[in-house]
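Notebook open, structure loaded. I wanted to look up a few strands and helices and jot down what turned up.

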Amino acid sequence: MVEPQLHRVTLPNGLRVVLAPDSAAGQSSGQAPVVGVSVHYDVGFRSEPEGRTGFAHLFEHLMFQGSESLEKLAHFRHVQGSGGTFNGSTHQDYTDYFQVLPSAALERALFLEADRMRAPKLTEENLANQVDVVKEEIRLNVLNRPYGGFPWILLPPVLYSTFANAHNGYGDFTDLEQATVDDCAAFFDTFYSPGNAVLTVAGDLDVDRTIKLIEKHFGDVPARGVPQRPSFGEPFPTSEVRGKHADPHAPLPAVALGYRLPDPVGELDAYLANVVLSGILSDGDASRLQQRLVHGEALVVDVSAGTGLMGAPLDARDPDTFTFTAIHTPDVGVERVIGAIDEELDKLATEGPTEEELHRVTARWAASLHRENDRVVSRTLDLGSAELLHGRAELISELPDRIGNVRAQDVANAAKELRSDARAVLEIEPAGDENGGAA
């Protein structure tokens, strides 16, 4: 694809705007031209106050419950009535909201986002309703699901020591139930100011007209103070730390290994070497762990390696996490699985990957990045998160080349840093009865 020329403006209230015009958006597939609109707020799980676990995610839900000018469900109707789609998601360091619509409906999307940035409808009724919705989501995705929260909820308390990095971002039921409307109002006032957000518009758009529409709808959103973002850094582990979790729904034991990664912002190339390392270890049937642990010695029924606690690389600031997960049979034993992973890391640290492995993984990553950026929704969200986390939305178009520049020695160096004396080991123990039911 031809990379769009980015345009930036900052409104007097502090809202940062990134525009990425692409007149071909949607037309290559014969569809109507489309535009993506996203807002990224600089607040995520790690910004939650103690005693309010899950609050960032709860607030994401509340942002869909009506606003200054719109009743509950109106946002849904206006987007879907325009032939568009929408959603939001909460991450470690940011919360995003987006819609993709026919480009003729651009002003509608801008109005909707500006209206809830100005004043979401925070009421006792909406709060109680969404606490129940979030609790049901937790039951469905974590409590009543085999390996629920593995590893992104269960591993951090073993690897990290501070509340910001170690707590459950989905939320504890007691914390969620104790949330008040005043808590919500304070959270909004602190983190949902225009100066703490990035608005991204990508796709079929005219730059001058879009800027005028943005000024029209967002220009009068009141400026508020922007919180100073704290550093969430903490020391690396100085020894191996271990934890166990009993899972009443898991049919087989499992293990997760967690390691600290280089700073994804300040040490980007070293971080990308870990992205390539994870691909060489577990990306596809030809990868080293698949070949040895699954197809060769049959030690596990499933194994994966990856950068990013939430399952995606470059989705957080420092600290970030390299993870291995494996599900194995009871007769194999966890130490044998860990030992095999360590041996494969040692081989890569000593010998590095082969040129064929390196080319296969970097080519696949580059192709995946290009494919994702061809989708308006992905491009819009990636531009916004790169601008927020790295201060450079241009990074998304540079990543394929930077991944391609990772060399064998870089991967070997990354493998050397994944040391057994500075990691977390989390074991999942099945706790159900002999028929697999909960004990």
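Started with a bridge: alanine 305 has phenylalanine 324 of S10 as its bridge partner. Helices (H or I, at least four residues) and strands (E, at least two) here are DSSP runs, numbered from the N terminus. Before going on, I noted that this is a predicted model, where local features need pLDDT of at least 70, side-chain atom pairs count only at pLDDT 80 or more, and totals for chains, interfaces and linings use all residues. Residues are numbered from 1 along each chain as its sequence is written, and side-chain values use heavy atoms, with hydrogens and water left out.

**S10 and its neighbours.** I looked up who pairs with S10; two strands pair if DSSP finds at least two bridges between them. Strand S9 (residues 300-307) runs antiparallel to S10, with seven bridges. Strand S8 (residues 254-260) also pairs with S10 in the antiparallel sense, over seven bridges.

Then burial, where buried means under 20% relative accessible area, exposed over 50%, and partly exposed in between (1.4 Å probe, protein chains only). S10 (residues 321-328) has eight of its eight residues buried, so the rest of the structure largely encloses it. I checked both faces: Thr321, Thr323, Thr325 and Ile327 are buried on one side, and Phe322, Phe324, Ala326 and His328 are buried on the other.

**Threonine 323.** I picked this one out of strand S10. Leaving out residues up to four places away in sequence, threonine 323 touches Leu155, Leu257, Ser304, Ala305, Gly306 and Leu309; contact means heavy atoms within 4.5 Å.

**H3.** Next I checked the length of helix H3 (residues 106-118): at 1.5 Å a residue its 13 residues should span 18 Å, and the end C-alpha atoms are 18 Å apart, which agrees. The expected span is 1.5 Å times one less than the number of residues. H3 is mostly covered, with 10 of its 13 residues buried. Among the buried ones are Leu106, Glu113, Asp115 and Arg116. They pack against several elements, including strand S3 (34-41), helix H2 (74-81) and helix H9 (207-218).

**H12.** Same length check for helix H12 (residues 334-351): its 18 residues should span 26 Å at 1.5 Å a residue, and the end C-alpha atoms are 26 Å apart, so that agrees. Buried residues in H12 include Val334, Ile338, Asp342, Glu344 and Leu348. Just after H12, I found glycine 352 with a positive phi of about 75°.
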